[in-house]
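Trainee: Could you help me learn how to read the features of a model like the one shown here?

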Amino acid sequence: MKTIFKYVLYLFGFFLILIVSFIVYIKVALPNVGDAPVIAIDYTAERIARGRYIANAITVCMDCHSTRDFSKFAGPLIEGTLGKGGDRFDQSAGMPGVFFPKNITPFGISRYTDGELYRTITTGVSKEGRAMFPLMPFSYYGRMDKEDIYDIIAYVRSIPPIVNEVADATPDFPLNILLNTLPHKETPQTKPLKSDVLAYGAYITNAGACAECHTQVNDKAQILPEFIFGGGREFKFPDGSVVRSANISADKSTGIGNWTEDMFIQRFKVYADSAYVFESVKPGEFNSVMPWAMYSQMEREDLAAIYKYLISTKAINNSINKFTSSNDSH
């Protein structure tokens, strides 16, 4: 009996050593994405203008790094908050911890070199080598053309600085241990020519991280590839209401398979109409987290390319109950 007990203790000690070694490896050796590249970006007016378009209409960086007014439909940005960061994303919104988008005005990023900013955007590793939670979809940005990322960097360097200190993230267990495993090296590609519509549409769809919101996720907030573009991801509002993303797959009964290109484009452009007003929304009334005001500024040619790419992808039959009001439980 003593011999069996001794072997059990040995086995327990062995596994304990393995676990501790694994944790030490994660904490010490990771994230391992390499050093920040040495880059000196030429901040030309043309590059800044292109970066403004990408950051506000495609990658919508300014959506998360500014303050949105959800007392109005689709949460348009509050004037004077562009890039200041600081909005809270926590467990009430389905996050595995508490996270705050950083201040990306010159006040928040002046200590970063261009190479360090590039590494942060494309790999999810900060200047100090800390791993970031992919609330910012760096895995998508890491597949973008380097020149587009350079344009974004030039643009955020140019916006007015806003003094705003942002708190650090506090991930829940076990994410606080596993967070260092999430960043990975970027795999940049050359942006396809617009004449190669499907390839260009795939590129813009990736840059917009459309799959991230329009795909269901597991309990670790990771998208389920087999349901890509099938919609149904839940987004919670502070009042307890839940909105679910639309099915944008090519399915003809539950997705956009029966939409025309013009219908798709107009779905965005209606919010760019100068006559459109983002109406006030009370708690419990239908609202959307989709930043329509920002995406509506996308060029028609880019929207058309996205449409043609989405129509070419796998059809996912998934009927969506788009909104559950907090009032339904009363």
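Mentor: Let us begin with a definition: Ala, Val, Leu, Ile, Met, Phe, Trp, Tyr, Cys and Pro count as nonpolar, Asp, Glu, Lys and Arg as charged, and the others, Gly among them, as polar. Please keep in mind that this is a predicted model.

Trainee: Which residues line the largest cavity?

Mentor: They are D63, R68, A74, G75, P76, L77, P291, W292, A293 and M294, around a volume of about 40 Å³. By class they comprise seven nonpolar, one polar and two charged residues, and helix α12 (residues 292-295) supplies the largest share, three residues.

Trainee: At what angle do the axes of helix α5 and helix α7 cross?

Mentor: In general, two packed helices are described by the angle between their axes and the distance between the axes. Here the axes of α5 (residues 114-123) and α7 (residues 146-158) come within 10 Å and cross at roughly 115°, and the crossing is right-handed. D114, L117, Y118, I121 and T122 in α5 meet K146, I149, Y150, I153 and R157 in α7, a contact with six nonpolar, one polar and three charged residues.

How values were computed. Residues numbered from 1 in each chain as written. Predicted model: local features only at pLDDT ≥ 70, side-chain atom pairs only at ≥ 80, totals over all residues. Heavy atoms only, no water. Axes fitted to C-alpha atoms, helices over the stretch in contact; angles between N-to-C directions. Helix = DSSP H or I, 4+ residues; strand = E, 2+ residues; numbered from the N terminus. Left-handed = near helix turned anticlockwise from the far one by under 90°. Contact = heavy atoms within 4.5 Å. 1 Å grid on protein atoms, 1.4 Å probe; cavity = no way out; pocket = protein on both sides within 12 Å on 5 of 7 lines; lining within 4 Å. Points joined across faces, edges and corners; volume = space filled by probe spheres on them.
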